Amino acid sequence: MSVEYTYDEEKNILYTRFFGVITNKDFLDQGESIGADARIKPGVRELVYLVDIEDIQASPSGFERNIQIDSKNRDKLQGMRTAVIAETDLLYGFARMYQSLTEVRDAPSTVEVFRTEKEARKWLGLDGDAE
């Protein structure tokens with residue numbers, strides 16, 4: 001699996017890092033893991049790092065299935081704010097495609113894509129926080 005996350009219960013922040021070769025399975029596994037994690041509370045903020053990616057073998061159909069998984073966990077994820085850090089053009093476009101699908105599929109979370117960690121943290125209200 002090319003994804004890992006840590007959760008700060010006190011601050012209700014999820015830190016997710018994708019790395020290596022990412023596939024549809026990685027997105028689905030990550031969605032299932034978050035949905036099953038009893039520690040995660042409504043209104044969670046998520047900071048997603050797409051900075052150590054070697055290759056993308058994921059597709060819009062994988063995004064769609066991930067959004068379906070999130071929707072099954074709507075009560076937990078309603079109000080979730082996800083900030084994706086994508087520094088390269090390819091990763092930025094990839095993340096924007098996911099963002100667009102979350103909007104048209106009425107996903108329970110709001111997704112925004114940023115080029116820098118500083119911008120992403122500001123949007124999440126984490127200006128002064130460090131991981």
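**View 1. The exposed side of helix H2.** Turned away from the buried side of H2 is a face with two exposed residues on it, Gln68 and Lys72. Here exposed means over 50% relative accessible area, buried means under 20%, and partly exposed lies in between (1.4 Å probe, protein chains only). This is a predicted model, where local features need pLDDT of at least 70, side-chain atom pairs count only at pLDDT 80 or more, and totals for chains, interfaces and linings use all residues. Residues are numbered from 1 along each chain as its sequence is written, and side-chain values use heavy atoms, with hydrogens and water left out.

**View 2. The buried side of H2.** On this side sit Gly62, Phe63, Asn66, Ile67, Ile69 and Asp70, the buried residues of H2. Looking down the helix axis, they fall within an arc of 155° (taken from the directions from the axis to the C-beta atoms), so they line one face of the helix. Their cover includes helices H1 (24–36), H3 (74–77) and H4 (89–104). Helices (H or I, at least four residues) and strands (E, at least two) are DSSP runs, numbered from the N terminus.

**View 3. Strand E4 and its neighbours.** E4 (residues 80–85) is mostly covered, with five of its six residues buried. It pairs with E3 (residues 45–57) in the parallel sense over five bridges; pairing takes at least two DSSP bridges between the strands. Look for Val48 opposite Val84 of E4. E4 also pairs with E5 (residues 109–114), again parallel, over six bridges, and there Thr82 has Val111 in E5 as its bridge partner.

Technical notes. Contact means heavy atoms within 4.5 Å.
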